[in-house]
Structures are given as C-alpha cells and as structure tokens.
Amino acid sequence: MAARTLSVKKPTPQKLSTYECGEDALGSSWIQFNPRFYVIALIFLLFDVELIFIFPWATVFGQAEYITADGRWGWFTLIEMALFVAILIIGLIFVWVKGDLEWVKPIHQRPQVNVHIPSAAYDRLNQATYELRNHREDLREDTSIVKTDSVSTSPKVAFKPRFKKPGATS
C-alpha cells in the first residue's frame, strides 16, 4: 500500500498500452484459444509447484541434531516424503492414462460406410489370386505396329442437342 501511494504516476500512452513480448497488440483479445495450451500449463505448474515442497524437506532431513534428539525423525521424514512423491506419481499416472500429456489425442473409431454390397463379395475379391503381367512388354508391342493407309471417315455425332424456343409447344 505504501508503494502504491508513494510511487510516481505519469501515465503515457506507451505505459498504458498492452505489452506482448515486444509486439504491438493487434486485433481483438476474444480469439479462439486451444485448451491444450491451458491444460499443459496447468499440469506443468502443478508438478513444478509441488517440487518446491521437496527443497525444505531435503535441507532439514539430514540434520544430525534432529536425528540425535529423536531417532524416529529420519524415518518419519523419509516416509512422509515417500507418501508425498507417491501421490505425485499417482497424479502423473492419472494424467498420463487420461491422455492429457498427448498433444493431439487420437480418436479411435472404426469408419463405418453404408454400402449395400455383401461382405461375401469383398471376401471373394480378397481371396482370389490375380495374374500380374509385365506392362513394359505391352509397350514394346505397341511400338511395332505399322500404320497403314486407311480411308478416313468423319466421326458420327453421338448426341446432338435440341433447344426449344420459349413459348413453343411440342
């Protein structure tokens, strides 16, 4: 509170602007945000903050004066930390099994297609053996064909569209 009342207040447009890693803020802040970033950050913070509790334990655990005062001190602190780490490991296994450590969770589903072809037809096709031929030999045979003079005829039109005039009957 003292810092707030005693601090110098000179607001400028630069000081009042949003700071984003040196970049000017552009556009709306209401954007679609992928929740994967949020979940990974929360998991990181959870395990990172929990490690803070291990450091004081590590400094006090091996002090000789506590152990000489009560011989159970070492075992008590060791069991206490083992329980703490076990809870962390159970939490990690839970997050791992749930799939939150995966960046993209795969969706395991079998594709279903509505086809009216009996499965026996597919089985026959899959069980049959097919003869493979060498397509390079076919290409060699095609080059040996000699063109002969033939009478050219104009191709017949297979389809000729007919248009109706608007208002005409028939």
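## Getting started

Buried means under 20% relative accessible area, exposed means over 50%, and partly exposed lies in between, using a 1.4 Å probe and protein chains only. This is a predicted model, where local features need pLDDT of at least 70, side-chain atom pairs count only at pLDDT 80 or more, and totals for chains, interfaces and linings use all residues. Residues are numbered from 1 along each chain as its sequence is written, and side-chain values use heavy atoms, with hydrogens and water left out.

## Helix α3 and its two sides

Let's begin with α3, residues 35-52. Helices here are DSSP runs (H or I, at least four residues), numbered from the N terminus. With 18 residues, α3 reaches 26 Å from its first C-alpha to its last, close to the 26 Å expected at 1.5 Å a residue; the expected span is 1.5 Å times one less than the number of residues.

Which residues of α3 are buried? They are Ile-43, Phe-47 and Glu-50. These residues cover an arc of only 65° around the axis, so they sit on the same side of α3; the arc is that of the directions from the helix axis to the C-beta atoms. In general, an α-helix has 3.6 residues a turn, so residues three or four places apart point the same way. The face of α3 turned away from its buried side carries exposed Tyr-38, Phe-44 and Ile-52.

## The neighbours of α3

What covers the buried residues of α3 includes α4 and α6 (72-98). The axes of α3 and α4 (residues 54-61) come within 4 Å and cross at roughly 25°. Axes are lines fitted to C-alpha atoms, for helices over the stretch in contact, and angles run from 0 to 180 degrees between N-to-C directions. α3 and α4 are therefore roughly parallel to each other (angles under 35 degrees). Their contact (heavy atoms within 4.5 Å) is made by Glu-50, Leu-51 and Ile-52 of α3 and Ile-54, Phe-55 and Pro-56 of α4.

Now for α6: the axes of α3 and α6 come within 11 Å and cross at roughly 170°. That makes α3 roughly antiparallel to α6 (angles over 145 degrees). Here Ile-43, Phe-47 and Glu-50 of α3 meet Phe-84, Leu-88, Gly-91, Leu-92 and Val-95 of α6.

## A stop at Thr-77

Thr-77 lies in helix α6. At 3% relative accessibility, Thr-77 counts as buried. Not counting residues up to four places away in sequence, Thr-77 touches Trp-57 and Phe-61.

Methods:
Parallel < 35°, antiparallel > 145°, perpendicular 65-115°, else oblique.
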